[in-house]
Amino acid sequence: MIFEAKEIILKNGIKAILKTPEITDAETFLNNIRTASGETDYLTRYAEEWESFTVEDEEKWISDNRKSKNNLVIACYIDGKAVGSCDITFFGDMKTSHRAGIGIAIIESYWNMGIGSAMFSELIKFAKEHKGTEILELEYLEGNERGKALYEKFGFKTVCVKPKICKLKDGTYQDLFYMQKEI
Ligand SMILES: CC(C)(COP(=O)(O)OP(=O)(O)OC[C@H]1O[C@@H](n2cnc3c(N)ncnc32)[C@H](O)[C@@H]1OP(=O)(O)O)[C@@H](O)C(=O)NCCC(=O)NCCS
């Protein structure tokens, strides 16, 4: 699926473009997810776990997403460089096609600028126009107050908690909060 380029103005007045990534963005994308995974405990992989992913793997991921009828990726570009992205998967089986799952990650130097809100706003609009979608869902890890604030702002509600889903290198466990929003 493709989201055509749309210009937005962030909280600090900076211009940004939201659009589906191009295959030529694969290296930047891979670097971003490695960077983001090292900057936060709220993504499910450590940075080094991305080492085995190649630019070719990422190119294939972007290409598959662009062609897919079930997945949409929206990335945010500032000065031509991707700084974060979100994605939605419309589940395809007969018993689950009323649901769609959302993920998001932005690199730290661009947090709190309204990028997450701008991407969520477009993703939700897109999902509302997708026939048959009734429920949007996402998960966040314990402690991710910024993520939680963003999701609650857009009407997501925690419907269950799965205990001890992640275990950090220092032995700390994190519960996982599963949220839904009816559209
Ligand atoms: C979580 C994340 C997607 C949010 O994106 P963002 O662009 O920083 O979000 P926004 O700037 O649009 O909005 C953040 C909101 O959280 C609020 N916020 C920031 N820090 C907060 C905190 N510690 N506690 C509560 N609210 C907080 C901000 O005030 C803002 O709310 P507002 O728009 O009402 O003022 C981004 O920080 C990120 O990618 N983090 C690392 C990876 C991650 O956690 N991904 C999600 C996994 S579930």
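Modeller: Let us begin with a definition: two strands count as a pair if DSSP finds at least two bridges between them. The model above is a predicted one, and we can read it with that idea in hand. In β4, cysteine 86 is the bridge partner of isoleucine 74.

Biologist: In which sense do β3 and β4 pair, and over how many bridges?

Modeller: The general idea is that strands of a sheet pair through backbone hydrogen bonds, either parallel or antiparallel. Here, β3 and β4 are antiparallel, with eight bridges between them. On to the next pair: β4 and β5 are also joined in the antiparallel sense, over seven bridges. Phenylalanine 90 has alanine 100 opposite it in β5.

Biologist: And in which sense do β5 and β6 run?

Modeller: Those two run parallel, and three bridges join β5 to β6, which covers residues 135–141. Alanine 100 takes part here too, with leucine 136 as its bridge partner in β6.

Biologist: Why is β4 said to be largely enclosed?

Modeller: To judge that, count neighbours: a residue is buried if 20 or more other C-beta atoms lie within 10 Å of its own. In β4, seven of the ten residues are buried, so the strand is largely enclosed by the rest of the structure.

Biologist: Which residues touch the most other members of the largest nonpolar core?

Modeller: First the general idea: in soluble globular proteins, nonpolar side chains tend to be buried together. In this model, the largest nonpolar core has 28 residues, and Ile74, Cys76, Cys86, Ile102, Ile115, Met119 and Leu123 touch the most other members. At least two residues of this core come from each of β2, β3, β4, β5, α3, β6 and β8. Strand β3 gives the largest share, six residues.

Biologist: Is valine 159 buried or exposed?

Modeller: Valine 159, which is found in β7, counts as exposed because it has 11 C-beta neighbours inside 10 Å. Not counting residues up to four places away in sequence, valine 159 touches Tyr178, Met179 and Gln180. Valine 159 and methionine 179 are 20 residues apart along the chain, with 5.6 Å between their C-alpha atoms. Now look at leucine 176, in β8. Leucine 176 has 16 C-beta neighbours inside 10 Å, so it counts as partly exposed. Glu139, Leu141, Lys162 and Ile165 are the residues that leucine 176 touches, once those up to four places away in sequence are set aside.

Biologist: What is the phi of aspartate 79?

Modeller: Aspartate 79 has a positive phi, near 50°. Aspartate 79 sits in the hairpin of β3 and β4, which has two residues between the strands, and is exposed because it has 9 C-beta neighbours inside 10 Å. Another such case is asparagine 112, whose phi is positive at about 65° although it is not a glycine. Asparagine 112 lies in the loop between β5 and α3.

Biologist: Last stop, the ligand. Which residues come nearest to it?

Modeller: There are 22 residues around the ligand, and Trp111, Gly116, Ser117, Glu145 and Ala149 come nearest. This shell divides into twelve nonpolar, seven polar and three charged residues. At least two shell residues come from each of β5 (99–106), α3 (115–128) and α4 (145–153). Helix α4 supplies the largest share of the shell, six residues.

Note on methods: Residues are numbered from 1 along each chain as its sequence is written. This is a predicted model: local features need pLDDT of at least 70, side-chain atom pairs count only at pLDDT 80 or more; totals for chains, interfaces and linings use all residues. Helices (H or I, at least four residues) and strands (E, at least two) are DSSP runs, numbered from the N terminus. A residue is buried if 20 or more other C-beta atoms lie within 10 Å of its own, exposed if 12 or fewer, and partly exposed in between; C-beta atoms are placed from the backbone. Two residues are in contact if their C-beta atoms, placed from the backbone, lie within 7 Å. A residue is near a molecule or strand if its C-beta atom, placed from the backbone, lies within 6 Å of it. Ala, Val, Leu, Ile, Met, Phe, Trp, Tyr, Cys and Pro count as nonpolar, Asp, Glu, Lys and Arg as charged, and the others, Gly among them, as polar. A nonpolar core is a set of buried Ala, Val, Leu, Ile, Met, Phe, Trp, Tyr and Cys residues joined through C-beta atoms within 7 Å.
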